Amino acid sequence: MTGQRSDARRNYQRILAVAEAEVAAHGSDASLEQIARTAGVGSATVRRHFPTRQVLLEAVFQERIEKLCERARRLGGTDDSRAALLDWLHGLVQYAVSARGLADALTYQPPTDEPTTHSCGDALEEAGTPLLRQAIRDGAVKPDVTYRDLLTLSVGIALATEHLSTPATQADRLFHLAVEGLSPARGEDVTS
């Protein structure tokens with residue numbers, strides 16, 4: 001029994017490592033069959049560990065999402081709530097542009113109305129919402145802006161630029177344009 005658990009853990013880690021490489025190369029459309037072949041396991045083994053593509057993508061991005069969440073917590077203690085929110089959002093956009101498939105994973109809507117537990121999107125919302133609320137309380141962001149608005153904006157920028165020759169540069173440009181519209185009365189540098 002212990003050997004099976006050990007084998008299952010090794011299979012999980014091998015599948016996840018291969019999935020990370022495949023998603024980096026092909027985005028969220030990475031072939032599950034190719035992942036299974038490269039990992040040296042059957043498709044059923046991949047599906048046993050990752051029953052849906054969304055579960056697989058969540059696992060691939062989990063570690064970096066945790067770092068973004070930690071960054072939000074650190075920024076929550078700063079005096080300039082606008083700068084903290086924009087710094088965090090800019091980091092989210094940068095990561096979404098650099099990590100093919102993340103934007104797709106964040107736009108995924110499960111077929112039921114029940115939220116996915118422990119999802120990347122939920123973790124980001126839990127981390128980013130306090131930054132947004134503080135910026136709204138401080139009058140630095142319009143009161144009708146929601147976290148979902150900011151996520152849609154970030155994901156939209158990533159999706160719109162991912163196939164360009166300089167996606168990070170174009171994403172930064174679009175981010176700055178969006179921020180100017182988000183808080184038009186202020187013109188400071190949003191990435192400092």
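This is a predicted model: local features need pLDDT of at least 70, side-chain atom pairs count only at pLDDT 80 or more; totals for chains, interfaces and linings use all residues.
Residues are numbered from 1 along each chain as its sequence is written. Local features need pLDDT of at least 70 and side-chain atom pairs pLDDT 80 or more, while totals for chains, interfaces and linings use all residues; side-chain values use heavy atoms, without hydrogens and water.

User: How many helices and strands are there in the chain?
Analyst: Helices (H or I, at least four residues) and strands (E, at least two) are DSSP runs, numbered from the N terminus. Along the sequence the pattern reads α-α-α-α-α-α-α-α-α. The count is 9 helices and 0 strands.

User: Is F61 buried or exposed?
Analyst: F61 lies in helix 4 (residues 53-75). Buried means under 20% relative accessible area and exposed over 50%, with partly exposed in between (1.4 Å probe, protein chains only). Because its relative accessibility is 3%, F61 counts as buried.

User: Which residues is F61 in contact with, leaving aside its neighbours within four places in sequence?
Analyst: Contact means heavy atoms within 4.5 Å. With those neighbours left aside, the partners of F61 are V23, Y95, A99, R100, G101, L102, A105 and C120.

User: What residues make up the contact of helix 5 with helix 8: how many nonpolar, polar and charged?
Analyst: From helix 5, L85, W88, L89, L92, V93, A96 and V97 meet Y147, L150, L151, S154, I157, A158 and T161 of helix 8. Ala, Val, Leu, Ile, Met, Phe, Trp, Tyr, Cys and Pro count as nonpolar, Asp, Glu, Lys and Arg as charged, and the others, Gly among them, as polar. The residues of this contact divide into 12 nonpolar, 2 polar and no charged.
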